[in-house]
Amino acid sequence: MYKTYEMYESLQTEEYKEIAVSAIHRTPDETGRGDPQKDPEIENLARNIKNQGLSQPITVVERALESGQYDVVIGNRRFEAWKMALPDKETIKCLVLPKDTSTTRKDMLTISENILRLNYTAHDRAKVIQRMIENWGGDKTSLAKALGYSSAKVINDWLAPLGLDP
């Protein structure tokens, strides 16, 4: 079972870096969010980036077995919109997590970034929470606390669209 403290590993080793767009790989999302073919908001975001620039860098982590290759942890939609808005730009500013960042920490960062978005459907949120519970060893209370809630009630409420017995 994962430890709650893993979510709060030191942030001091993170750094900003210009990275080649070709070295960055979007993380697949079962909801289709971030996929330009399935996410109609990518075009709007691309227009905004073209006019205003990228106000928040994407967060990436270097692949463990592929030096110089990165996976997006936070910002799949921004990354795709950047490529659409600025196709000739070869690099993008990224926040780089340490190479040894735990899977739990990456998942928790992704969830904390996305779980309360207004465009995140209740069903999509439930599927993500269900996956996190499985990765968390089934401990809903610890997961709730790691997400900043005092009890598992919010986790049970979020799972309701899947019709699971709390």
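At 33% relative accessibility, K83 counts as partly exposed, where buried means under 20% relative accessible area, exposed over 50%, and partly exposed in between, with a 1.4 Å probe and protein chains only. The model is predicted, so local features need pLDDT of at least 70 and side-chain atom pairs count only at pLDDT 80 or more, while totals for chains, interfaces and linings use all residues. Residues are numbered from 1 along each chain as its sequence is written, and side-chain values use heavy atoms, with hydrogens and water left out.

The side chains of K83 and E80 meet in a salt bridge at 3.2 Å, N to O; a salt bridge here is a side-chain nitrogen of Lys or Arg within 4 Å of a carboxyl oxygen of Asp or Glu. Both K83 and E80 lie in helix α2, three residues apart, about one turn of the helix. Helices (H or I, at least four residues) and strands (E, at least two) are DSSP runs, numbered from the N terminus. An α-helix has 3.6 residues a turn, so residues three or four places apart point the same way.

E80 also forms a salt bridge with R26, at 3.3 Å, N to O. This pair links distant parts of the chain, with E80 in helix α2 and R26 in the loop between β2 and α1, 54 residues apart. Within it, E80 counts as buried at 10% relative accessibility, whereas R26 is partly exposed, with a relative accessible area of 28%.

A search of the whole structure finds five salt bridges. Among them is the pair E66 and R63, whose side chains meet at 3.0 Å, N to O. E66 is partly exposed at 37% relative accessible area, and R63 is partly exposed too, at 22%.

Turning to the sheet, five strands form an open sheet in the order β1-β5-β3-β4-β2, with mixed pairing; two strands pair if DSSP finds at least two bridges between them. The edge strands, each pairing on one side only, are β1 (15–20) and β2 (24–25). Strand β3 (residues 58–62) and strand β4 (residues 70–74) pair in the antiparallel sense over four bridges, and V60 stands opposite V72 in β4. Helix α2 (residues 76–85) packs on this sheet, touching β2, β3, β4 and β5 (91–97), and its direction makes about 120 degrees with that of β4. Such axes are lines fitted to C-alpha atoms, for helices over the stretch in contact, and angles run from 0 to 180 degrees between N-to-C directions. Helix α2 is mostly covered, with eight of its 10 residues buried, including F79 and W82.

Leaving aside neighbours within four places in sequence, I92 is in contact (heavy atoms within 4.5 Å) with K17, E18, I19, V21, I24, L54, I58, F79 and W82.
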